[in-house]
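Please examine the sequence and the structure before reading each solution.

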Amino acid sequence: MMNKTWIVTGSHTGFGKELAVKLAQEDGVNLVATSRKPGQLDFLDQYDHGQIDKEILDVTKHDQVVTTVKNAQAHFGSIDVLVNNAGIGYFGTFEESKLDDVKYMFDVNVWGLVDMTREVLPIMRKQKSGIIINFSSIGGMFSFPTLSFYHGTKYAVEGMSESLAKETKDLGIKVMVIEPSGFRTDWAGRSSHKTMPTHDDYKQFGEFIKNNEEGAHHEAGDPVKAAEIIIDEVKNHSDNLPLRLPLGKFAVDTIMDKYENTLELLKENYDISVSADQPERKE
Ligand SMILES: NC(=O)c1ccc[n+]([C@@H]2O[C@H](COP(=O)([O-])OP(=O)(O)OC[C@H]3O[C@@H](n4cnc5c(N)ncnc54)[C@H](OP(=O)(O)O)[C@@H]3O)[C@@H](O)[C@H]2O)c1
(Lines give C-alpha, C1' and ligand atoms only; values in the text may rest on other atoms or scores of the structure.)
Protein backbone atom coordinates (compact mmCIF):
# COMPACT_ATOMS: atom_id res chain seq x y z
CA MET A 1 0.00 0.00 0.00
CA MET A 2 1.18 3.53 -0.76
CA ASN A 3 2.38 5.71 2.08
CA LYS A 4 -0.03 8.37 3.30
CA THR A 5 1.34 11.90 3.20
CA TRP A 6 0.52 14.20 6.11
CA ILE A 7 1.17 17.97 6.24
CA VAL A 8 1.20 19.46 9.73
CA THR A 9 1.26 23.25 10.10
CA GLY A 10 3.02 24.66 13.17
CA SER A 11 5.10 21.57 14.00
CA HIS A 12 7.61 23.45 16.17
CA THR A 13 5.82 23.10 19.55
CA GLY A 14 2.64 21.80 21.15
CA PHE A 15 0.13 19.59 19.34
CA GLY A 16 1.95 20.06 16.04
CA LYS A 17 5.25 18.88 17.48
CA GLU A 18 3.71 15.83 19.16
CA LEU A 19 1.87 14.92 15.98
CA ALA A 20 5.10 15.26 13.99
CA VAL A 21 7.09 13.13 16.46
CA LYS A 22 4.47 10.34 16.39
CA LEU A 23 3.97 10.49 12.63
CA ALA A 24 7.74 10.37 12.05
CA GLN A 25 7.76 6.97 13.76
CA GLU A 26 4.67 5.53 12.03
CA ASP A 27 4.97 2.95 9.26
CA GLY A 28 3.39 3.98 5.98
CA VAL A 29 3.54 7.71 6.65
CA ASN A 30 5.32 10.49 4.77
CA LEU A 31 5.55 13.59 6.90
CA VAL A 32 5.68 17.19 5.76
CA ALA A 33 6.57 19.01 8.96
CA THR A 34 6.59 22.79 8.93
CA SER A 35 8.01 25.59 11.03
CA ARG A 36 8.37 29.33 10.65
CA LYS A 37 12.15 29.33 11.09
CA PRO A 38 14.92 26.96 9.95
CA GLY A 39 16.37 24.62 12.57
CA GLN A 40 13.15 24.38 14.61
CA LEU A 41 12.44 20.81 13.50
CA ASP A 42 15.86 19.27 14.22
CA PHE A 43 14.18 17.01 16.79
CA LEU A 44 12.79 15.02 13.83
CA ASP A 45 16.18 14.21 12.28
CA GLN A 46 16.70 11.10 14.44
CA TYR A 47 13.63 9.45 12.81
CA ASP A 48 14.30 10.53 9.22
CA HIS A 49 14.85 7.77 6.67
CA GLY A 50 13.78 9.77 3.66
CA GLN A 51 10.11 10.00 4.60
CA ILE A 52 10.32 13.46 6.22
CA ASP A 53 10.21 16.75 4.35
CA LYS A 54 10.81 19.85 6.45
CA GLU A 55 9.37 23.07 5.05
CA ILE A 56 9.49 26.70 6.14
CA LEU A 57 5.91 27.83 6.53
CA ASP A 58 4.31 30.90 7.98
CA VAL A 59 0.65 30.34 7.15
CA THR A 60 0.10 34.09 6.71
CA LYS A 61 2.57 34.11 3.78
CA HIS A 62 0.84 32.97 0.62
CA ASP A 63 4.10 32.26 -1.26
CA GLN A 64 5.20 29.89 1.53
CA VAL A 65 1.80 28.17 1.53
CA VAL A 66 2.07 27.58 -2.22
CA THR A 67 5.68 26.36 -2.01
CA THR A 68 4.97 24.01 0.89
CA VAL A 69 2.11 22.30 -0.91
CA LYS A 70 4.02 22.16 -4.20
CA ASN A 71 7.11 20.68 -2.52
CA ALA A 72 5.02 18.17 -0.57
CA GLN A 73 3.43 16.87 -3.73
CA ALA A 74 6.72 16.84 -5.63
CA HIS A 75 8.39 14.87 -2.82
CA PHE A 76 5.70 12.32 -2.12
CA GLY A 77 3.21 12.38 -5.02
CA SER A 78 0.07 12.83 -2.93
CA ILE A 79 -1.33 14.79 -0.01
CA ASP A 80 -3.62 12.63 2.08
CA VAL A 81 -4.00 14.45 5.40
CA LEU A 82 -3.74 18.18 6.03
CA VAL A 83 -3.57 19.19 9.68
CA ASN A 84 -4.32 22.89 10.07
CA ASN A 85 -2.84 23.14 13.54
CA ALA A 86 -0.94 26.45 13.55
CA GLY A 87 -2.71 28.93 15.76
CA ILE A 88 -2.28 31.61 18.40
CA GLY A 89 -4.40 33.17 21.14
CA TYR A 90 -5.21 36.62 22.43
CA PHE A 91 -6.55 37.58 25.84
CA GLY A 92 -8.24 40.95 26.39
CA THR A 93 -11.73 42.33 26.87
CA PHE A 94 -13.79 43.02 23.78
CA GLU A 95 -13.49 46.78 24.33
CA GLU A 96 -9.80 46.99 25.21
CA SER A 97 -8.21 44.42 22.88
CA LYS A 98 -5.72 45.81 20.37
CA LEU A 99 -7.30 45.46 16.96
CA ASP A 100 -3.99 45.06 15.09
CA ASP A 101 -3.15 42.04 17.26
CA VAL A 102 -6.65 40.68 16.90
CA LYS A 103 -6.58 41.03 13.11
CA TYR A 104 -3.22 39.25 13.00
CA MET A 105 -4.75 36.39 15.02
CA PHE A 106 -7.51 36.12 12.39
CA ASP A 107 -4.79 36.06 9.71
CA VAL A 108 -3.16 33.05 11.38
CA ASN A 109 -6.12 31.11 12.79
CA VAL A 110 -8.63 31.74 10.02
CA TRP A 111 -7.05 33.02 6.80
CA GLY A 112 -3.93 30.86 7.15
CA LEU A 113 -6.12 27.79 7.52
CA VAL A 114 -8.24 28.91 4.57
CA ASP A 115 -5.17 29.46 2.38
CA MET A 116 -3.65 26.06 3.19
CA THR A 117 -6.96 24.28 2.64
CA ARG A 118 -7.70 25.95 -0.68
CA GLU A 119 -4.20 25.08 -1.91
CA VAL A 120 -4.61 21.41 -1.00
CA LEU A 121 -8.25 20.91 -2.08
CA PRO A 122 -7.60 20.68 -5.86
CA ILE A 123 -5.03 17.94 -5.18
CA MET A 124 -7.41 16.01 -2.94
CA ARG A 125 -10.27 16.43 -5.42
CA LYS A 126 -8.09 14.99 -8.18
CA GLN A 127 -7.11 12.07 -5.93
CA LYS A 128 -10.78 11.69 -4.90
CA SER A 129 -9.56 11.27 -1.34
CA GLY A 130 -8.18 13.24 1.56
CA ILE A 131 -8.71 14.27 5.15
CA ILE A 132 -8.61 17.84 6.43
CA ILE A 133 -8.14 18.20 10.18
CA ASN A 134 -8.83 21.69 11.48
CA PHE A 135 -7.82 22.76 14.96
CA SER A 136 -10.67 24.60 16.58
CA SER A 137 -10.99 24.60 20.36
CA ILE A 138 -13.49 24.26 23.17
CA GLY A 139 -13.43 27.97 22.37
CA GLY A 140 -15.07 27.23 19.03
CA MET A 141 -18.16 25.97 20.86
CA PHE A 142 -18.24 27.85 24.17
CA SER A 143 -17.17 31.38 25.09
CA PHE A 144 -15.27 32.81 28.05
CA PRO A 145 -14.76 36.48 28.94
CA THR A 146 -11.50 38.05 27.61
CA LEU A 147 -11.33 35.64 24.67
CA SER A 148 -14.04 37.10 22.44
CA PHE A 149 -11.80 37.50 19.40
CA TYR A 150 -10.12 34.12 19.84
CA HIS A 151 -13.62 32.68 19.91
CA GLY A 152 -14.36 34.66 16.76
CA THR A 153 -11.52 32.84 14.99
CA LYS A 154 -12.49 29.40 16.24
CA TYR A 155 -16.26 29.78 15.65
CA ALA A 156 -15.25 30.79 12.12
CA VAL A 157 -13.21 27.58 11.79
CA GLU A 158 -16.21 25.56 13.04
CA GLY A 159 -18.68 27.13 10.61
CA MET A 160 -16.41 26.92 7.60
CA SER A 161 -15.41 23.33 8.37
CA GLU A 162 -19.02 22.19 8.72
CA SER A 163 -19.91 23.75 5.39
CA LEU A 164 -16.79 22.43 3.64
CA ALA A 165 -17.53 18.92 4.94
CA LYS A 166 -20.92 19.04 3.20
CA GLU A 167 -19.40 20.28 -0.06
CA THR A 168 -16.69 17.60 -0.18
CA LYS A 169 -18.57 14.63 1.28
CA ASP A 170 -19.23 13.12 -2.16
CA LEU A 171 -15.72 13.92 -3.40
CA GLY A 172 -14.01 11.52 -1.00
CA ILE A 173 -12.71 14.35 1.18
CA LYS A 174 -13.47 14.32 4.90
CA VAL A 175 -13.19 17.07 7.46
CA MET A 176 -12.60 16.65 11.19
CA VAL A 177 -12.56 19.52 13.67
CA ILE A 178 -10.51 19.12 16.85
CA GLU A 179 -11.84 20.89 19.97
CA PRO A 180 -9.34 20.64 22.83
CA SER A 181 -9.78 22.10 26.29
CA GLY A 182 -6.61 23.26 28.10
CA PHE A 183 -3.52 21.27 27.00
CA ARG A 184 0.14 21.54 28.03
CA THR A 185 1.49 23.49 25.08
CA ASP A 186 2.85 27.02 24.57
CA TRP A 187 -0.61 28.36 23.68
CA ALA A 188 -1.64 30.02 26.97
CA GLY A 189 1.91 31.32 27.52
CA ARG A 190 4.09 32.72 24.74
CA SER A 191 1.60 32.05 21.92
CA SER A 192 -1.13 34.28 23.38
CA HIS A 193 -0.71 38.05 23.61
CA LYS A 194 -2.44 39.56 26.60
CA THR A 195 -3.94 42.98 27.21
CA MET A 196 -4.77 43.41 30.86
CA PRO A 197 -7.98 45.36 31.53
CA THR A 198 -7.39 48.91 32.74
CA HIS A 199 -10.98 50.17 33.13
CA ASP A 200 -12.38 49.60 36.62
CA ASP A 201 -15.48 48.09 35.02
CA TYR A 202 -13.40 45.23 33.59
CA LYS A 203 -10.67 44.87 36.24
CA GLN A 204 -12.10 41.63 37.64
CA PHE A 205 -11.24 39.84 34.38
CA GLY A 206 -7.53 40.46 34.92
CA GLU A 207 -7.52 37.50 37.29
CA PHE A 208 -8.74 35.13 34.57
CA ILE A 209 -5.99 36.29 32.22
CA LYS A 210 -3.34 35.97 34.92
CA ASN A 211 -4.53 32.48 35.85
CA ASN A 212 -4.28 31.37 32.25
CA GLU A 213 -0.79 32.82 31.90
CA GLU A 214 0.38 31.15 35.11
CA GLY A 215 -1.45 27.91 34.31
CA ALA A 216 0.40 27.44 31.03
CA HIS A 217 2.01 23.99 30.91
CA HIS A 218 -0.03 22.85 33.93
CA GLU A 219 -3.27 22.18 32.02
CA ALA A 220 -5.04 18.82 32.30
CA GLY A 221 -4.67 17.90 28.64
CA ASP A 222 -1.72 15.85 27.41
CA PRO A 223 -0.75 16.74 23.81
CA VAL A 224 1.02 13.39 23.36
CA LYS A 225 -2.27 11.58 23.99
CA ALA A 226 -4.07 14.04 21.70
CA ALA A 227 -1.62 13.21 18.91
CA GLU A 228 -2.13 9.47 19.45
CA ILE A 229 -5.92 9.85 19.34
CA ILE A 230 -5.88 11.94 16.14
CA ILE A 231 -3.55 9.51 14.35
CA ASP A 232 -5.64 6.54 15.50
CA GLU A 233 -8.83 8.19 14.20
CA VAL A 234 -7.27 8.66 10.77
CA LYS A 235 -5.58 5.24 10.62
CA ASN A 236 -8.31 3.07 12.06
CA HIS A 237 -11.61 4.96 11.87
CA SER A 238 -11.36 6.99 8.68
CA ASP A 239 -14.66 5.52 7.37
CA ASN A 240 -16.43 6.99 10.35
CA LEU A 241 -14.53 10.18 11.21
CA PRO A 242 -16.48 12.47 13.53
CA LEU A 243 -16.98 16.00 12.20
CA ARG A 244 -16.22 17.26 15.71
CA LEU A 245 -13.86 15.70 18.19
CA PRO A 246 -13.60 17.41 21.59
CA LEU A 247 -10.43 16.39 23.45
CA GLY A 248 -10.24 16.56 27.23
CA LYS A 249 -12.99 16.05 29.85
CA PHE A 250 -13.52 19.78 30.36
CA ALA A 251 -14.07 20.25 26.62
CA VAL A 252 -16.61 17.49 26.17
CA ASP A 253 -18.49 18.23 29.43
CA THR A 254 -18.68 21.95 28.72
CA ILE A 255 -19.88 21.43 25.15
CA MET A 256 -22.50 18.89 26.28
CA ASP A 257 -23.76 21.35 28.90
CA LYS A 258 -23.97 24.11 26.34
CA TYR A 259 -25.95 21.93 23.93
CA GLU A 260 -28.35 20.85 26.69
CA ASN A 261 -28.89 24.45 27.82
CA THR A 262 -29.28 25.62 24.24
CA LEU A 263 -31.87 22.90 23.57
CA GLU A 264 -33.84 24.03 26.64
CA LEU A 265 -33.73 27.62 25.44
CA LEU A 266 -34.83 26.65 21.93
CA LYS A 267 -37.80 24.70 23.30
CA GLU A 268 -38.73 27.55 25.65
CA ASN A 269 -38.91 30.04 22.79
CA TYR A 270 -40.14 27.64 20.10
CA ASP A 271 -43.54 29.25 19.61
CA ILE A 272 -42.07 32.75 19.33
CA SER A 273 -39.46 31.51 16.84
CA VAL A 274 -41.94 29.84 14.50
CA SER A 275 -44.39 32.75 14.74
CA ALA A 276 -42.01 34.84 12.60
CA ASP A 277 -42.86 32.91 9.41
CA GLN A 278 -45.57 33.81 6.91
CA PRO A 279 -48.69 31.77 7.59
CA GLU A 280 -48.57 28.55 5.56
CA ARG A 281 -50.49 29.00 2.35
CA LYS A 282 -53.32 26.51 1.90
CA GLU A 283 -53.71 25.58 -1.80
N1 LIG B 1 -3.17 24.25 24.07
C2 LIG B 1 -4.43 24.44 24.26
O3 LIG B 1 -4.90 24.51 25.40
C4 LIG B 1 -5.36 24.57 23.07
C5 LIG B 1 -6.74 24.39 23.30
C6 LIG B 1 -7.60 24.49 22.22
C7 LIG B 1 -7.10 24.72 20.95
N8 LIG B 1 -5.76 24.89 20.76
C9 LIG B 1 -5.28 25.12 19.37
O10 LIG B 1 -4.25 24.18 19.08
C11 LIG B 1 -3.47 24.67 18.00
C12 LIG B 1 -1.99 24.46 18.30
O13 LIG B 1 -1.59 25.24 19.39
P14 LIG B 1 -0.78 24.65 20.60
O15 LIG B 1 -1.69 24.52 21.73
O16 LIG B 1 -0.01 23.45 20.17
O17 LIG B 1 0.18 25.89 20.94
P18 LIG B 1 1.73 26.16 20.65
O19 LIG B 1 2.57 25.22 21.41
O20 LIG B 1 1.90 27.61 20.91
O21 LIG B 1 1.92 25.84 19.11
C22 LIG B 1 1.47 26.70 18.11
C23 LIG B 1 2.26 26.44 16.85
O24 LIG B 1 1.73 27.29 15.81
C25 LIG B 1 2.83 27.94 15.21
N26 LIG B 1 2.46 29.22 14.59
C27 LIG B 1 2.12 30.38 15.18
N28 LIG B 1 1.91 31.33 14.26
C29 LIG B 1 2.14 30.74 13.05
C30 LIG B 1 2.12 31.19 11.72
N31 LIG B 1 1.82 32.46 11.39
N32 LIG B 1 2.41 30.31 10.73
C33 LIG B 1 2.75 29.04 11.03
N34 LIG B 1 2.81 28.56 12.26
C35 LIG B 1 2.50 29.40 13.27
C36 LIG B 1 3.84 28.15 16.30
O37 LIG B 1 5.10 28.41 15.72
P38 LIG B 1 6.28 29.18 16.54
O39 LIG B 1 6.83 28.15 17.46
O40 LIG B 1 7.20 29.65 15.50
O41 LIG B 1 5.60 30.31 17.29
C42 LIG B 1 3.74 26.82 17.03
O43 LIG B 1 4.52 25.85 16.40
C44 LIG B 1 -3.86 26.14 17.84
O45 LIG B 1 -4.69 26.27 16.71
C46 LIG B 1 -4.62 26.45 19.12
O47 LIG B 1 -5.56 27.50 18.94
C48 LIG B 1 -4.88 24.84 21.80
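**Exercise 1.** Which residues form one aromatic cluster?

*Solution.* The model under study is a predicted one. In this model, one aromatic cluster is formed by Phe91, Phe142, Phe144, Tyr150, Trp187, Phe208 and Phe250. The structure holds 9 aromatic pairs.

**Exercise 2.** Classify the ring pair of phenylalanine 15 and phenylalanine 135, and locate both residues in the chain.

*Solution.* A pair of aromatic rings is described by the distance of the centres and the angle of the planes.

Step 1. The ring centres of phenylalanine 15 and phenylalanine 135 are 5.1 Å apart. A pair requires centres within 6.5 Å.

Step 2. The planes of the two rings stand at 40 degrees, so the pair is tilted. The stacked class needs an angle under 30 degrees, and the edge-to-face class one over 60.

Step 3. Phenylalanine 15 belongs to helix 1 (residues 14–24), while phenylalanine 135 belongs to strand 6 (residues 130–135).

**Exercise 3.** Over which ring does the charged end of lysine 17 sit?

*Solution.* The charged end of lysine 17 is placed over the ring of phenylalanine 43, at 4.6 Å from the ring centre.

**Exercise 4.** Describe the salt bridge between glutamate 162 and arginine 244.

*Solution.* Side chains of opposite charge can pair when their charged atoms come close.

Step 1. The N to O distance between glutamate 162 and arginine 244 is 2.7 Å. The limit for a salt bridge is 4 Å.

Step 2. Glutamate 162 lies in helix 4 (residues 148–168) and arginine 244 in strand 9 (residues 244–247), 82 residues apart.

Step 3. Glutamate 162 has 29% relative accessibility and therefore counts as partly exposed. Arginine 244, at 24%, also counts as partly exposed.

**Exercise 5.** Is aspartate 186 buried or exposed, and is its salt-bridge partner arginine 190 buried or exposed?

*Solution.* Step 1. In the salt bridge of aspartate 186 with arginine 190, the closest N and O atoms are 2.8 Å apart.

Step 1. Aspartate 186 has 17% relative accessibility, so this residue counts as buried. Arginine 190 is exposed, its relative accessible area being 52%.

**Exercise 6.** Where do aspartate 253 and lysine 249 lie?

*Solution.* Both residues lie in helix 7 (residues 249–268), 4 residues apart, which is about one turn of the helix.

Technical notes
Residues are numbered from 1 along each chain as its sequence is written. This is a predicted model: local features need pLDDT of at least 70, side-chain atom pairs count only at pLDDT 80 or more; totals for chains, interfaces and linings use all residues. Side-chain values use heavy atoms; hydrogens and water are left out. Rings of Phe, Tyr and Trp (its six-membered ring) pair if their centres lie within 6.5 Å; planes under 30 degrees apart count as stacked, over 60 as edge-to-face and the rest as tilted. Helices (H or I, at least four residues) and strands (E, at least two) are DSSP runs, numbered from the N terminus. A charge sits over a ring if NZ of Lys or CZ of Arg is within 6 Å of the ring centre and within 35 degrees of the ring normal. A salt bridge is a side-chain nitrogen of Lys or Arg within 4 Å of a carboxyl oxygen of Asp or Glu. Buried means under 20% relative accessible area, exposed over 50%, partly exposed in between (1.4 Å probe, protein chains only).
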